[in-house]
Amino acid sequence: MSSTPVTLDPAAAWLIDRLAATPSPWIVLDGGPAPAGSLHLTVTPAGPARDRPLVVRGDTTAGVPTLRVCAPDLVPAVAAVLLTVRDRTGTVPRLSCAWPSRRRLNEVVALVDPGVFSIPRLRTLLRRAEPVVLRRPIVCASLA
């Protein structure tokens, strides 16, 4: 997991560097509640090029700072971005995301479709990548 190479474009690096002044930065995955001063993250499913590094692009659309990633598997991509933010800023980021109300069905589908987001799978990947709880990114979910 931690071996997933992540490349930041200059705009993404600038947006992430702005979070360094925040004691507990929030990153909002599509559809999640957005605390003030948060950075949005959009992950788009891509083709099966699994050995390429993740390229994170930054932009600001309608005043909303956003990181954009194309990846073949959504969950490892989100985990890699969270760990990159933590390593770059020196603070533990918090992810805000919406969890579909049909959780069990979503989790079963997530086992066979890498394009489906799974919070338990994300937490497992983060736990494996960072065994120290105080350094591990935090995942906060709300029901959608």
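Strand β4 (residues 54-61) and β5 pair in the antiparallel sense over six bridges; strands are DSSP runs of E with at least two residues, helices are runs of H or I with at least four, both numbered from the N terminus, and two strands pair if DSSP finds at least two bridges between them. The model is predicted: local features need pLDDT of at least 70 and side-chain atom pairs count only at pLDDT 80 or more, whereas totals for chains, interfaces and linings use all residues. Residues are numbered from 1 along each chain as its sequence is written, and side-chain values use heavy atoms, with hydrogens and water left out.

A salt bridge requires a side-chain nitrogen of Lys or Arg within 4 Å of a carboxyl oxygen of Asp or Glu; the count comes to seven. In one of them, D17 and R88 have their closest N and O atoms 2.7 Å apart. Because D17 lies in helix α1 and R88 in helix α2, this pair ties together parts that are 71 residues apart in sequence. Another salt bridge joins R86 and E130 at 2.9 Å, N to O, and both residues are buried, that is, under 20% relative accessible area (1.4 Å probe, protein chains only).

L126, in helix α4, counts as buried at 1% relative accessibility.

Terms used
Buried < 20%, exposed > 50% of the residue type's maximum accessible area, 1.4 Å probe, protein only.
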